[in-house]
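Here's a quick briefing to read alongside the model. Take a look at the structure first, then work through the notes below.

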Amino acid sequence: MDISYIEKHIEQLKNDIYRNVEHKTLVKYTGNPLVDENQLFYLLLPFFDGEAWDDDIYQGVITVGIVQASLAKHNLVDEYDATTKQQQLTVLSGDYYSGRYYEILAKSGNISLIRQLSESVIIRSEHEVRVYEPTNYAIDDWFDSLSVIESECINRFYQIYNFNQYSKIMQNNLLILRLQNELLNYRKGNSSRFLQKMKESVGPDDSLNFEKYLQHRIEVLVDQLRELLRTSSMKAELKQYIAERLIRES
Amino acid sequence: MEKMKLKMLYSDFKPDIDIIEAELEKALNSTSHVLNDASLHLLRAGGKRIRPLFVLMSAKFGQYNIERMKYAAVPLELIHMGSLVHDDVIDHSDMRRGRPTVRSQWNNRVAMLTGNFIFGRAIQYVSHIEDPKAHQILARTMVEICNGEIIQIEDKYRTNQNLKDYFRRIKRKTAILIESSCEVGAVVANVDPLNTQRLKRFGYYVGMSYQIVDDVLDFISTDKQLGKPAGSDLLQGNITLPILLMKDHPKITRFIERASKGEVTEAERLEMLQIVRKSDSIKKALEISDRYLKKAMKEVENLPDNPAKKKLKEIALFIGKRKF
């Protein structure tokens, strides 16, 4: 198994997600579904690692990808002005994808995954809305929220198909990637609400210290991930792929 | 007066509707204060709960057990509620049922998350039912509601649309959810396939009538009765049946043009309302609604004898003649 083999399957999955939610008007005004290739890698990780795999599981993978695409579209809705046709259809594209994942699983009678994914949407929404709450959460609560947002859907999928051994690596890696993106945007002056809240939670307004603090936390997570990889029984080439491709310098 | 009438109609189902109401409140319980406030805010603003009622009434033709039926009735109301929260984002609405909308009280993002949370709860709730058929009906409904909304956006301010476009739109926008309420109720209660189809068609016809009346009420009710400005549909570019029946009226055509540019003044809105109210399009629209109601009644006639038959007819008639 080389990189091109992994990338070919990620590409295939991406196309299968697109195909299952294809809608002429939505594509015209809002573009293709938003899929995160790192998340797709982790959805396929058990397959790459040689776990028992069949069409039913692959269909599950597609629907998890659709749920993530639905929530990603909704994240593009502007806080105060969604009056343009493109914005209105962005609201509906997320809703449409959400209906489609349910429709696909209902057709195959996969009620367990329906339940798990609906619960992941509930939990993700509860964590995403935290940035609008007056509560003062601690920095670790914000880390937890970001981790839930990035990995809850995949975790539910792992639970259903008994792939829990990949959970820690996946959670850790996706959190690192999210934090690195947040840090990158912060450095460019585009802080997300999450980052602003995290910054508030660590203390007085000292940008340089906060940046250092965040970088330090990322480094700790990277060290933990390297240790998880070292002790994992996963195929060596997959460990190498994660170490080389998914752990970036902050 | 109208609310009293509705209460009387619900009286036979009062204990079960109370169970559904309590379950709805439970379903919307969240660890997040914002989601709690936002969704309970909508729940407590009221609503007729006609979808759960249709679920329960249809189930009366089969093996009725409220402890099982609640897993079908609650999601139908939640799907309706979730789509209202997202609709308010799309329509940039400030008021719903006389109260500020989630988007106006918080913001669009909170409204999106609230809607997603409510949809999530709806699906989580219905997952207590193992029969895939019930899920297939609900899933198709969610997709079709979206398709209806997408068509509505495409049709906005489009003056060259016809009656077929309108019926296609309201079928997906409203009728399908009432149709599904009846069908899911029947499926979960194991009603035989023939009567399930009858109940499904009944729901469709009632749903079509319901939306036509809703579109008429948007013109003939007061701002206070509606909890938002009368004529809002047209202001937002939604060309409904009363307008389609008089769309060649020059002042209306001009109004639509101005509405598309956001240039309508309050005086113009009031003038438009007068023109529509004085025209015969309201009467014609209500006649079309009556035709759907008659078809609904015919379906009820063919159902086996059951006390719920009388209730179905009464509720359908109320919906067709309601004033709010």
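Which side chain meets that of A:R156 in a salt bridge? It's the side chain of A:E152, at 2.9 Å from N to O; a salt bridge here is a side-chain nitrogen of Lys or Arg within 4 Å of a carboxyl oxygen of Asp or Glu. Keep in mind that this is a predicted model, where local features need pLDDT of at least 70, side-chain atom pairs count only at pLDDT 80 or more, and totals for chains, interfaces and linings use all residues. Residues are numbered from 1 along each chain as its sequence is written, chains are lettered from A and ligands numbered from 1 in the order in which they are written, and side-chain values use heavy atoms, leaving out hydrogens and water.

**Salt bridges**
- Searching the whole structure turns up 46 salt bridges over all chains.
- A:R156 and A:E152 are about one helical turn apart, because they sit four residues apart in helix α7 (residues 139-160) of chain A. (Helices are DSSP runs of H or I, at least four residues, numbered from the N terminus.)
- A:R156 is buried at 9% relative accessible area, and A:E152 is buried at 13%. (Buried means under 20%, exposed over 50%, and partly exposed in between, using a 1.4 Å probe and protein chains only.)
- Over in chain B, B:E271 pairs with B:K251, with the closest N and O atoms 2.7 Å apart. B:E271 is in helix α15 (residues 266-278) and B:K251 in helix α14 (residues 250-260), so this pair ties together parts 20 residues apart in sequence.
- B:R258 also forms a salt bridge, with B:E268, at 2.8 Å between the closest N and O atoms. That pair links helix α14 to helix α15 of chain B, ten residues apart.
- B:D12, B:K310, B:K311 and B:E314 are joined into one network by salt bridges that share partners.

**Cysteines**
- There are zero disulfides over all chains, a disulfide being a pair of cysteine sulfur atoms within 2.5 Å.
- A:C153 is in no disulfide, and the nearest cysteine sulfur, that of B:C146, is 18 Å away.
- A:C153 counts as buried at 1% relative accessibility, and B:C146 counts as buried at 5%.

**One loop residue**
- A:H23 is in the loop between α1 (3-20) and α2 (24-30) of chain A, and it counts as buried at 14% relative accessibility.

Terms used. Helix = DSSP H or I, 4+ residues; strand = E, 2+ residues; numbered from the N terminus.
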